[in-house]
Amino acid sequence: MQATLDATLATFRDAIRQAGDSRTPLRLRGGGSKDFYGQALVGTVLDTRAYRGIVDYDPAELVITARCGTPLAEIEDVLAEHRQMLAFEAPHFATRGQASTATLGGAFAAGLSGPRRQSVGALRDFVLGAQLMDGKGEILNFGGQVMKNVAGYDVSRLLAGSLGTLGLVTEVSLKVLPVPFDDATLRFALSQADAIDQLNKWGGKPLPIAASAWHDGALHVRLSGATAAVCAARDSLGGEVVDASHAGQLWAALREQTHPFFTPARDADRALWRIAVPPVTKPLDLPGEQLVEWGGGQRWWLAPDDSTASADRVRAIAQAAGGHATLFRNGDKAVGVFTPLSTPLAAIHQRLKASFDPAGIFNPQRMYSGL
């Protein structure tokens, strides 16, 4: 087994060095479930799935380390056996009717988080360490496998969400959390404005709110934690208690974007924007449907087919509120999927890219033009 893994790493190293010598772009790819995300897909595919397996997992330490090609579902199943979880709920984005192809490396590279992000933090916040093969084919180690080890921690977090533009992440160490003892979902009939106001009022109280989502006149709130705390909060907040089975389906559908709100974006190429703003921000003046998550901090906007709203308008509205907007799915990517960088930030990105990937071969253009 180890010989096979070593041979796989050697294959990666050879491919990277050859690509560097010839200045040939490489497209780092696991299961391909996030291919829609980001700018252009450029280069010869370097499939990472052969380098897989859990390297180390100690339930008592709440840490798991696994290789980049390890299926995300496999990791979640192993954790579930010990009533633990990846609390940030990285989405799989499986094609309907098909098994998940998502890998740990792809989830790490995309840096996306699900509904529980509101209460526990983002994927980046759970990263303890990472191993990277750089543009020279050399292995670099950052951070560690225990929560006390913070050496290189910022570099590990920097790699999360970088879409493979800095190198091939071969291993990742993540903090995991116990599955909550109890869970309940409440439904409230509220307008978007009232839902946002209510979420912010609740946000200042010691309530076990794990996730929230507003859409089409209904606010759903997920409570998680000790049974006594969940019961007390449920009695205090009121609302309609949602059947556990339906509640589970709801939060899974929001995580995987199979909720009816997202269907036009997944099936009909409608442009889907992800807008990050302060939770207190009032409803955004945009035509078409919106869905609000993370206590008001994440707004999804599904642009109507006949929308004349430009990327500049969406981004201006987000910026005026103190946030930013990302073209998450579909649309005209020529406008830039991610908010354009200021000149100083662009220079920092360029220097980072040059340090880790001097030949510019890893997923070029995936995040920004020129990177």
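Helices (H or I, at least four residues) and strands (E, at least two) are taken here as DSSP runs, numbered from the N terminus. The structure is a predicted model, in which local features need pLDDT of at least 70, side-chain atom pairs count only at pLDDT 80 or more, and totals for chains, interfaces and linings use all residues. Residues are numbered from 1 along each chain as its sequence is written, and side-chain values use heavy atoms, with hydrogens and water left out.

**Helix α7**

In helix α7 (residues 227-237), Val-230, Ala-233 and Leu-237 are buried, that is, under 20% relative accessible area, where exposed means over 50% and partly exposed lies in between (1.4 Å probe, protein chains only). Just after α7, Gly-238 has a positive phi of about 80 degrees.

**Domains**

The chain is assigned domain 1 (1-178), domain 2 (182-256) and domain 3 (260-329), with bounds that come from an automatic or database domain assignment. Taken over C-alpha atoms, the centres of domain 2 and domain 3 are 22 Å apart. Twelve residues of domain 2 contact 18 residues of domain 3, contact meaning heavy atoms within 4.5 Å.

**Pockets and cavities**

On a 1 Å grid over the protein atoms alone, a cavity is a set of points where a 1.4 Å probe fits but cannot get out, while a pocket is an open set with protein on both sides within 12 Å along at least five of seven lines; lining residues have an atom within 4 Å of a point. Grid points are joined across faces, edges and corners, and a volume is the space filled by probe spheres set on the points.

| Space | Volume |
|---|---|
| Largest pocket | About 970 Å³ |
| Second largest pocket | About 350 Å³ |
| Largest cavity | About 370 Å³ |
| Second largest cavity | About 120 Å³ |

The largest pocket has a volume of about 970 Å³. Its lining has 34 residues, and Tyr-37, Arg-124, Gly-161, His-324 and Met-367 are the closest to its centre. The largest share of this lining, five residues, comes from α11. At least three residues of the lining of the largest pocket come from each of domain 1 and domain 3.

The second largest pocket lies between domain 1 and domain 2, because both give residues to its lining. Among its 16 lining residues, Glu-76, Met-85, Leu-86, Glu-89 and Arg-255 lie nearest the centre. Helix α8 gives the most to the lining of this pocket, with five residues.

The structure holds three cavities of 30 Å³ or more. The largest cavity is lined by 30 residues, of which Leu-28, Gly-30, Gly-105, Gly-106 and Ala-109 are the closest to its centre. Helix α3 gives the most to the lining of the largest cavity, with six residues.

The second largest cavity has 16 lining residues, and those nearest its centre are Pro-91, Ser-113, Arg-255, Gln-257 and Trp-300. Two or more residues of this lining come from each of α8 and β16 (298-302).
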